[in-house]
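Dear colleague,

I am passing on the structure below, followed by some notes on what was found in it. Please read them alongside the coordinates.

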Amino acid sequence: MSRHECVFSDDLFVPSKEVLAKTFEEALAPNYEEVSCKVVECPDLRKYGLVREGLGGFAEYAECGTVLGSMFNPARQKDVYTLPETMGTFGRKNAFVVGAGAGSCDEWVINSEWTGNAYLEDGVMKENGSRAAFITDMNQLPEKFAVRKANMRGEFGTIGNLLHTDGTKGEVIEVRARVRRAEKNWSEDPHDQEFIRIMRTALTKKFPDASQQVVVGGVMLVVKGKTFTHIMPPHFPPPGAKPGKNWPDMKGWGERFFVSEKQIVGCTTFINHQGKGLPNGAVWRPDHTHFFSLDGTEAGHYHYDLSPDIIEYVAYLVPASRIHKVELRGFSKF
């Protein structure tokens with residue numbers, strides 16, 4: 001019997017792609033010099049290193065583990081999920097999966113960043129273009145890292161935020177934005193000006209009711225510009241560390257930050273709010289974007305851009321129809 005179990009599932013509110021395109025355009029226009037959001041036929045995503053051609057078909061969202069309950073919990077830091085077993089908990093056998101998560105300790109031994117890019121057929125891994133990025137030398141600045149393709153077991157660890165579709169041709173929301181108006185929209189937290197967060201915040205304002213929970217996901221390309229990224233250190237947070245807190249509370253643990261000047265391919269998901277809520281105070285992750293560079297030399301967790309005068313984004317997005325929470329048996333609070 002699989003250790004995986006789906007502990008929560010629900011239908012999502014699904015606005016039309018046209019409504020979402022208009023919502024995103026209205027939100028992005030004050031923040032970028034040039035913005036275009038429209039519904040188009042998805043281009044062949046394989047030219048960007050994805051394993052399937054599109055995001056068509058039935059779209060769902062699955063979240064595995066949590067930052068606090070899994071990554072910062074010593075009892076769960078070696079958790080390993082597999083894509084076939086995760087999809088199997090809610091009866092999905094065929095799926096193109098993109099998303100962000102942690103790498104498998106069974107595969108990479110150490111802590112790592114995982115960018116999901118895989119296809120399952122009849123419940124079996126058929127293609128896996130997922131990447132893991134991990135620090136190989138902590139004794140230099142910036143720290144040395146490596147990027148590797150994942151094996152065919154379809155493993156990932158501790159956390160995962162996954163969009164799964166049929167991977168076929170079909171309509172998507174194409175979002176284009178270039179030249180960020182940094183001074184006009186200055187914020188103490190640069191994440192507030194970030195491309196994905198602007199769209200997520202717009203969804204929250206547009207659909208505020210608990211009955212209107214919306215999840216959007218897909219592919220985000222940085223065509224031009226510098227981006228701020230991180231890779232987790234090879235060791236996990238020590239007991240007592242708290243995520244997002246200051247250095248003493250983190251017990252000396254912290255992400256290692258890098259600046260990428262590459263063209264990058266991001267796999268992203270974002271959610272407007274907590275909807276009807278999860279039992280026992282659990283929460284959905286608001287957004288999560290991991291990436292790999294087109295040349296395959298860089299990967300990790302994407303934060304925001306650092307070059308407002310030249311930055312250029314293109315995204316291909318779809319709304320999900322169902323949402324699932326997947327855990328490993330014996331650890332669920334539900």
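To begin with a cysteine: does Cys42 count as buried or exposed? Cys42 counts as buried, at 8% relative accessibility, where buried means under 20% relative accessible area, exposed over 50% and partly exposed in between, with a 1.4 Å probe and protein chains only.

Before going further, please note that this is a predicted model, in which local features need pLDDT of at least 70 and side-chain atom pairs count only at pLDDT 80 or more, while totals for chains, interfaces and linings use all residues. Residues are numbered from 1 along each chain as its sequence is written, and side-chain values use heavy atoms, with hydrogens and water left out.

On the cysteines, the count of disulfides comes to zero, a disulfide being a pair of cysteine sulfur atoms within 2.5 Å. For Cys42 the closest cysteine sulfur belongs to Cys267 and is 12 Å away, too far for a bond.

Helices (H or I, at least four residues) and strands (E, at least two) are DSSP runs, numbered from the N terminus. There is an open sheet of nine strands with antiparallel pairing, in the order S2-S11-S18-S12-S15-S16-S17-S13-S14; two strands pair if DSSP finds at least two bridges between them. Because S2 (32–41) and S14 (256–260) stand at the edges with a single partner strand each, one side of each is left without a neighbour in the sheet. From one strand to the next the twist averages 30°, with axes fitted to C-alpha atoms (for helices over the stretch in contact) and angles running from 0 to 180 degrees between N-to-C directions. S14 is joined to S13 (residues 227–231) by five bridges, the two running antiparallel, and Phe228 stands opposite Val259 in S14.

Helix H1 packs on this sheet, touching S2, S11, S12, S15 and S18, and its direction makes about 175° with that of S2; contact here means heavy atoms within 4.5 Å. Helix H5 lies across strands including S16 and S17, and runs at about 20° to S15.

The two helices also meet each other: H1 (residues 17–28) and H5 (residues 195–206) pack at about 115°, with their axes 9 Å apart. Among the residues in contact are Leu20, Phe24 and Leu28 in H1, and Ile198, Met199 and Lys206 in H5.
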